[in-house]
Amino acid sequence: MVEDLLEVFMDDFSVVGDFFDECLKILDKEKCHFMVKEGIILDHKISKNGIEVDKAKIEVISKLPPPTSVKGVRSFLGHTGFYGRFIKDFFKVVNPLCKLLEKDA
């Protein structure tokens with residue numbers, strides 16, 4: 001559909017159609033939604049309250065088993081680091097785990 005019905009730029013796009021309803025159908029095919037009050041974008045809840053944590057993601061993280069290997073620590077930090085901006089002093093809290101990733105730890 002790109003180039004036939006859509007032109008995509010770095011931070012913008014144009015929809016090509018003869019009628020407004022035709023453009024809406026094209027956007028629907030591309031799973032675009034406009035004028036919504038809230039939604040999940042890149043695992044963040046976006047609403048009139050601003051950017052919030054997706055509760056479903058937190059539930060998944062809370063059910064992760066404790067890491068028992070370097071790979072497990074990296075995986076855990078990857079999951080939790082995504083939401084570090086919402087947790088006060090997050091990097092101080094996870095610093096002991098980060099130290100486990102140092103050579104000869």
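These are my notebook entries on a predicted model of a protein.

Entry 1, ground rules. I number residues from 1 along each chain as its sequence is written, and side-chain values use heavy atoms, with hydrogens and water left out. Because the model is predicted, local features need pLDDT of at least 70 and side-chain atom pairs count only at pLDDT 80 or more, while totals for chains, interfaces and linings use all residues.

I looked up the secondary structure and found 5 helices and 5 strands, where helices (H or I, at least four residues) and strands (E, at least two) are DSSP runs numbered from the N terminus. Along the sequence the pattern reads β-β-α-β-β-β-α-α-α-α. Of the 105 residues, 15% are buried (under 20% relative accessible area; exposed is over 50%, partly exposed in between; 1.4 Å probe, protein chains only).

I checked strand 4 (residues 44-47) and strand 5 (residues 50-53), which run antiparallel and are joined by 4 bridges; pairing takes at least two DSSP bridges. The two strands form a hairpin with 2 residues between them. Isoleucine 46 stands opposite isoleucine 51 in strand 5.

I counted 2 aromatic pairs (rings of Phe, Tyr and Trp, its six-membered ring, with centres within 6.5 Å; planes under 30 degrees apart are stacked, over 60 edge-to-face, the rest tilted). Tyrosine 83 and phenylalanine 86 have ring centres 5.8 Å apart and planes at 45 degrees, so this pair is tilted. Phenylalanine 90 and phenylalanine 91 have centres 5.0 Å apart and planes at 80 degrees, so that pair is edge-to-face.

Tyrosine 83 is buried at 2% relative accessibility, and phenylalanine 86 is partly exposed at 32%. Phenylalanine 90 is buried at 6%, whereas phenylalanine 91 is exposed at 61%.
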